[in-house]
There are 2 protein chains.
Amino acid sequence: MVDLGARSYPICIGAGTLERLGPRLQELKVGRRVAIVTNPVVSRFYREPLVQSLKAAGFESTVLQVPDGEEHKNMAWLAFLYDRLVDARLDRESAIIALGGGVIGDLTGFTAATFQRGVPLVQVPTTLLAQVDSSVGGKTAVNHPGGKNLIGAFHQPRLVWIDVATLKTLPRREVQAGMTEIIKHAAILGPQLFELLEAEIEAVMALDEALLIEVVRQNCAIKAAVVAQDERESGHRAVLNFGHTLGHAIEMLTEYRGYLHGEAVAIGMAFAARLSHARGLCEASVRDRIIALLQRAALPTEIPKELVGRHLALAVEADKKVSGGKVKFVCIEDIGRTKFVYLTGDEVLGHAGGTH
Amino acid sequence: MVDLGARSYPICIGAGTLERLGPRLQELKVGRRVAIVTNPVVSRFYREPLVQSLKAAGFESTVLQVPDGEEHKNMAWLAFLYDRLVDARLDRESAIIALGGGVIGDLTGFTAATFQRGVPLVQVPTTLLAQVDSSVGGKTAVNHPGGKNLIGAFHQPRLVWIDVATLKTLPRREVQAGMTEIIKHAAILGPQLFELLEAEIEAVMALDEALLIEVVRQNCAIKAAVVAQDERESGHRAVLNFGHTLGHAIEMLTEYRGYLHGEAVAIGMAFAARLSHARGLCEASVRDRIIALLQRAALPTEIPKELVGRHLALAVEADKKVSGGKVKFVCIEDIGRTKFVYLTGDEVLGHAGGTH
């Protein structure tokens, strides 16, 4: 449950639950017409069970497909979705279901945030990254040539429906990349989850269902608590940017092609752990535990040599969270405890050469 | 003041106050860069005093112009604004100022709602309609071929800055149309304001500044109280639709060209008053007082003959507030008291032939 007063919503986690969404949707008291937004890859696997479940519960679904890939999270596809929602005669009571990964969730979420000034949104994330991070918290957006997620809104879903069985069709590399955010949530706020990962990360990555459900549950509880405390990222929520300042800079310099988001953030977390130790904020053991866990998830932990240099410092400062020339950098003090440090890009990257 | 907890904001009303916005903006603690969105007509009169006031207070303004007219409240001009905001390097702390009427307010408001997931918005309405209605309450939107205001968001401004002196350059017909919403607010919730209008409407329309300030103040207090009670129009706020159900239908059938919004709503209010009396909900005197006041404001009060018929009933049912085939129609019981009645389009229009 994400506790946001009138905007509170449940996060339901299970295995093989996709075909049970219909009855749950009835409880939300939304209109009979629903739209499902997905991509061709996800559609092939999961469209039919979902549509059938909705049909059996009395809903009439329109399925809308957006091509796979971050480059389609833009205003052109947003306009496409608005047009199709009008064609399908969706009204203010109609729910829109995002069935897919982060791109589908962000684009669909922003569509739901703005169609008719906001309609009910149901997140059905099918990638690990979306299940443990982007589907929870209400951040929605599309990209703009001027910046990633530059156009967006906060629009909390009415329900997050996580079926970990959908991860079976996910490419291995995306399972690894999704682990980054779990490790992040554990490192900054969940020492217990961190220890569970230290004990079992290989089994989690082998998609042991009971273990996955437990890890996703603990992970989402952490994320939900942060969101409940600071829905619109005016303060505390910024702890979630652990690893992201450098991660975003790496993504930007490699034009969102060289690394998956989770891979870039893994490098960023390892870097933040080293910087925290170098500045005397944490023990070497804290740094080493974080890096070791990332490595066990087969994630990269070193800044690629070709990126080290002045342009990386500039890219760090180009991040939109910069305020007054200083980056609000998330450092770690211990597993489960963070500290904000305000640094210039050069101050951040002064440590880039250092190894542990 | 619109009382919305953390999203509360003041409505400042005066005459000749445009050149005093700079110092007030400083108090909001927004970034140094601001954007002013306006249209060429308003820009000619008011751009310079506003820019100078902001400059004197240490702000750096970018002025963005959108052509005048409802047909420009669309996604193409929205995209234009996003591009220019990126060019001007506006960030999350930057305020966007809407300087103009309802079109500028709605379009700019939606831009501010969605740029960087929401940036500070200041409404500086320069038409009577915008001053007494659209600038207060946080409704923002753009049109879509599928419907007026179909794409939008609720985004409360940080400040509403009303300078009634700007009405001096407003065409007479728009002053009249703006009176509609004042009469509406008075009829549904402000018996005291209604009496003030009955005593002084000619002087108000002659733009007597002291009277205007008092009328706009009372009017905005009514609107603010409704918004505070029901920010997102989930219930009570629907009283503001008094006159709007039929008004929207008339606008739709005349393709937003035959009548100004306020004129169509005036017809709708006169109609709703007659329907309320015909259904035994109010005295004939209540109906007559509303119609008389509208007529003193030189507003139309009869459905144009060529629109009466089956297509008007269908247009009423096409309104987006319809739920389950019935329109939530706002009837009046007395000056200051309303009642929701659920009717089909035919039930509404069954009274269309009746005269008072």
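Biologist: How many residues of chain A are in contact with chain B?

Modeller: On the chain A side there are 29, and they touch 29 residues of chain B. Keep in mind that the model is predicted.

Biologist: What area is buried between chain A and chain B, and what do carbon and sulfur atoms give?

Modeller: About 2,500 Å² is buried between the two chains, with 56% of that coming from carbon and sulfur atoms.

Biologist: Which elements of chain A give two or more residues to the side that touches chain B?

Modeller: Those are two helices, α3 (75-87) and α4 (102-114), plus two strands, β6 (139-144) and β7 (147-154).

Biologist: And how do the residues on that side of chain A divide?

Modeller: You get 13 nonpolar, 8 polar and 8 charged residues on the side of chain A that touches chain B.

Biologist: What about salt bridges between chain A and chain B, how many?

Modeller: The count there is 1. A:Glu233 pairs with B:Arg92, and their closest N and O atoms are 4.0 Å apart.

Biologist: How many salt bridges over all chains, then?

Modeller: Searching the whole structure gives 39. One of them joins B:Arg24 and B:Glu27, with the closest N and O atoms 3.3 Å apart. Those two residues are 3 apart in helix α1 (residues 21-27) of chain B, so about one helical turn separates them.

Biologist: Switching to symmetry: what rotation superposes chain A on chain B?

Modeller: A rotation of 180 degrees does it, with 0.0 Å of shift along the axis and an RMSD of 0.0 Å. That's the relation of a two-fold axis. Also, 100% of the interface residues of chain A are interface residues in chain B too, so the copies meet through the same surface.

Biologist: Last topic, aromatics. How many aromatic pairs over all chains?

Modeller: The count comes to 6. Among them, B:Trp77 and B:Phe80 have ring centres 4.8 Å apart and planes at 70 degrees, so that pair is edge-to-face.

Biologist: Where do B:Trp77 and B:Phe80 sit?

Modeller: Both are in helix α3 (residues 75-87) of chain B, 3 residues apart, so they are separated by about one helical turn.

Methods: Residues numbered from 1 in each chain as written. Chains lettered and ligands numbered in written order. Predicted model: local features only at pLDDT ≥ 70, side-chain atom pairs only at ≥ 80, totals over all residues. Heavy atoms only, no water. Contact = heavy atoms within 4.5 Å. Buried area = accessible area lost by both parts, 1.4 Å probe. Salt bridge = Lys/Arg side-chain N within 4 Å of Asp/Glu carboxyl O. Helix = DSSP H or I, 4+ residues; strand = E, 2+ residues; numbered from the N terminus. Nonpolar A, V, L, I, M, F, W, Y, C, P; charged D, E, K, R; others polar. Least-squares fit on C-alpha atoms with pLDDT ≥ 70 in both. Phe/Tyr/Trp six-rings, centres within 6.5 Å; stacked < 30°, edge-to-face > 60°.
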